[in-house]
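Q: I would like to go through this model with you, piece by piece. Could we begin once it is on the screen?
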Amino acid sequence: FFFGLLDAASPAEAPSAARSRFRRFLSYYRPHMPLLAADLACATLVAGTALALPLIANFIVSRLPQLAAEPDTLSKILLLGGVMLGVFVVQSLATFFVDYQGHAMGAKIEAQVRQELFEHCQKLSFSFYDQQRTGQLMSRISNDSLWLGELFHHGPEDIAISTLKFAGAMAVLFWIDPVIALLIALIIPFAVAYALHFNRKMNVALRTTKERIGTINERVEDALAGIRVVQSFANEAAELKRFDTENQRFLDSRKAGYRSEAMLWVGMDGFAQIVTILVITVGAFRILTGNLSTADLLTLLLCVGVLVDPVRRLDNFIRLWQEGYTGFVRAMELLEKQPDIVDEEGSMPLTGVKGRIKFDKVSFRYAENCREVLSNVSLSIKPGEFVALVGPSGVGKSTLCSLIPRFYDANQGSVSIDGHDVRTLTLASLRRAIGVVQQDLYLFSGTVAENLLYGRPVASMEEVLAAAKAANAHDFIMALPRGYDTDIGQRGVKLSGGQKQRITIARAFLKNPPILIFDEATSALDTESERAIQKALLGLAKDRTTIVIAHRLSTVRHADRILVLTEDGIVEEGSHDALMTANGVYARLQTVQASI
Ligand code: ADP
């Protein structure tokens with residue numbers, strides 16, 4: 001039954017892989033062995049004390065006539081009541097320990113898995129994120145791990161308590177009356193089959209409900225984010241109709257889930273009632289025929305209560321297992337993904353950077369089945385040179401630049417800095433030497449100052465101010481409601497495009513890298529912003545090797561050298577004037593831009 005559940009959680013896996021993953025699951029308990037042992041001991045106590053009560057009750061009732069004849073009857077009954085109270089106290093303490101410390105253990109393991117997932121995600125390469133939706137990753141790190149904690153806690157405890165209670169109650173039943181015990185044993189498989197059947201139906205409904213709420217969320221997000229489009233096309237009624245259909249489908253699956261859940265609980269209660277009725281009816285016959293005492297009948301009835309609990313728990317456990325273990329498998333799949341780009345063996349830190357960059361017959365494609373974006377590209381950039389990279393959109397300008405900090409590795413040929421192949425350098429030192437200002441810039445939620453300090457967390461406030469001034473950002477920052485302490489909202493929504501770009505430039509000033517890669521924004525900026533950014537860029541480019549993916553004539557004019565990239569590779573290079581005179585691709589590109 002258990003290994004069936006194991007396979008169900010990861011159906012696509014070979015049994016050996018499923019077993020090794022299960023071993024990994026168990027390995028998470030290793031640092032918590034003392035706690036697990038205490039948890040299981042308390043679980044045993046919970047089950048043991050649950051069985052002790054029927055036995056003590058049996059003792060009292062069966063000895064009652066005898067006790068009545070003895071002196072001190074009252075104090076003896078009180079003593080037995082006290083013993084039962086003691087048992088109850090022990091049971092409560094054990095339950096408290098299991099509920100509190102057991103849950104805490106589950107939460108600790110859950111926190112550890114979440115930490116491992118987050119840490120691992122920080123290491124995974126650009127290529128991984130190209131294929132992965134961040135929403136799904138977030139749900140793995142936050143939601144899936146919640147179920148994990150529950151499973152790590154309830155797994156061993158539920159198995160221990162249920163098995164012990166079930167086995168103990170069955171043993172007592174067989175010991176007291178094998179006939180009645182056998183009858184109950186014959187009913188149990190039907191109860192389990194019933195529970196499993198409706199549990200399966202409930203799970204199907206649960207899964208459909210989850211999918212449908214996902215669709216509803218997408219619809220809501222789409223319709224609200226695009227509300228201006230909806231209203232401008234006067235399409236509200238059509239949107240409402242689509243939403244209504246999805247909402248109805250969601251409601252149907254919820255109803256199906258509740259129907260199965262109700263059937264399950266009615267069935268489980270029915271099972272308890274049927275067994276109770278059976279024990280009373282058959283028990284009455286057995287008392288009449290002299291095979292059973294009244295005290296034994298009382299014990300049997302109390303035992304039925306203990307026996308029913310594991311069957312009830314079965315349903316909870318299966319759901320927990322399915323959600324939790326499927327989450328665990330998904331988390332492990334993510335942890336097993338190896339980053340494509342790591343420090344190679346024997347890699348050395350890059351020090352004393354001069355900034356000479358060389359591409360030697362570099363070819364690159366994003367994936368096996370993708371076309372080659374760069375084929376056989378060679379170029380050389382001198383230390384301190386300001387190079388503008390121009391060319392039609394989609395020819396691979398950004399791709400070329402992303403090979404320098406090893407966001408991706410070339411498939412053929414090599415990229416080197418100061419004569420060192422980038423693959424022989426440690427990633428951290430390489431990336432510290434290169435400042436990248438991306439067009440698709442990213443600011444974190446927080447204050448302006450926090451975002452600037454991201455460039456160099458140890459920088460002083462004077463350095464931050466100097467960087468902001470150099471990036472032509474100081475004045476507009478001071479005009480914000482709280483200056484450098486202004487919260488810029490998620491992804492910097494409260495700032496304009498030009499302002500965001502100047503903050504990223506200031507961030508790069510603070511980082512002060514010997515090599516700079518600047519992807520100029522293609523979107524139109526007002527003349528003032530453009531001029532401010534241009535000035536900031538020229539300041540930033542001073543004394544460092546700079547490659548700009550340039551879209552503006554004003555930038556290109558300032559470059560020491562312009563490289564023109566087309567699908568055929570670098571087809572032209574030279575100064576603006578020389579290239580205009582040559583009247584080739586560059587001149588055509590400029591004419592097209594000028595005519596827009
Ligand atoms: P440019 O910067 O010249 O506009 P890019 O370097 O951004 O061009 O893109 C070059 C080509 O590579 C385009 O065809 C683009 O679709 C493709 N491309 C860019 N990024 C990725 C990626 N992460 N995964 C797959 N293909 C990509």
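Q: In what order do the four strands of the open sheet stand?
A: First, a note on the source: this is a predicted model, in which local features need pLDDT of at least 70, side-chain atom pairs count only at pLDDT 80 or more, and totals for chains, interfaces and linings use all residues. Residues are numbered from 1 along each chain as its sequence is written. The order in the open sheet is β2-β1-β4-β5, with antiparallel pairing. Strands are DSSP runs of E with at least two residues, helices are runs of H or I with at least four, and both are numbered from the N terminus. Two strands pair if DSSP finds at least two bridges between them.

Q: Which strands stand at the edges?
A: β2 (372–381) and β5 (420–421) do; each has a single partner strand, so one side of each is left without a neighbour in the sheet.

Q: And what joins β1 to β2?
A: A hairpin of six residues connects them. The two strands pair in the antiparallel sense over six bridges, and F359 has L379 in β2 as its bridge partner.

Q: How many bridges join β1 to β4?
A: Five bridges link β1 (residues 357–365) with β4 (residues 412–417), and these strands run antiparallel.

Q: Turning to β8, is it buried or exposed?
A: Five of the five residues of β8 are buried. Here a residue is buried if 20 or more other C-beta atoms, placed from the backbone, lie within 10 Å of its own, exposed if 12 or fewer, and partly exposed in between. T545, I547 and I549 point one way from the strand, while T546 and V548 point the other way.

Q: Which strands pair with β8 in the parallel sense?
A: Strand β3 (residues 386–390) runs parallel to β8 and is joined to it by four bridges, with L389 opposite I549. Strand β7 (residues 515–519) also pairs with β8 in the parallel sense, over five bridges; there F518 has V548 as its bridge partner.

Q: What about R552, where is it found?
A: R552 is in the loop between β8 (545–549) and α18 (553–558). This residue is partly exposed because 18 other C-beta atoms lie within 10 Å. R552 and Q590 are 38 residues apart along the chain, and their C-alpha atoms are separated by 9.5 Å.

Q: New topic: which residues are around the ligand?
A: They are D130, Y366, C370, V373, S393, G394, V395, G396, K397, S398 and T399. A residue counts as near the molecule if its C-beta atom, placed from the backbone, lies within 6 Å of it.

Q: Which helix gives the largest share of that shell?
A: Helix α11 (residues 397–402), with three residues. By class, the shell has four nonpolar, five polar and two charged residues. Ala, Val, Leu, Ile, Met, Phe, Trp, Tyr, Cys and Pro count as nonpolar, Asp, Glu, Lys and Arg as charged, and the others, Gly among them, as polar.

Q: How is the protein chain divided into domains?
A: The division is domain 1 (1–167 + 322–340), domain 2 (178–291), domain 3 (351–437 + 515–596) and domain 4 (442–512). These bounds come from an automatic or database domain assignment. Between domain 2 and domain 4, the C-alpha centres lie 53 Å apart.

Q: And in the largest nonpolar core, which residues touch the most other members?
A: Of its 68 residues, these are A388, L389, L452, A506 and I562. The core draws at least three residues from each of domain 3 and domain 4. A nonpolar core is a set of buried Ala, Val, Leu, Ile, Met, Phe, Trp, Tyr and Cys residues joined through C-beta atoms within 7 Å.

Q: What is L452 in contact with, leaving aside its neighbours within four places in sequence?
A: V464, A467, A468, I503, A506, R507 and L510. Contact means that the C-beta atoms, placed from the backbone, lie within 7 Å.

Q: Finally, is N472 buried or exposed?
A: N472 counts as buried because there are 21 C-beta neighbours inside 10 Å. N472 lies in the loop between α14 and α15 (474–479) and has a positive phi of about 60 degrees, although it is not a glycine.

How values were computed: Contact = placed C-beta atoms within 7 Å.
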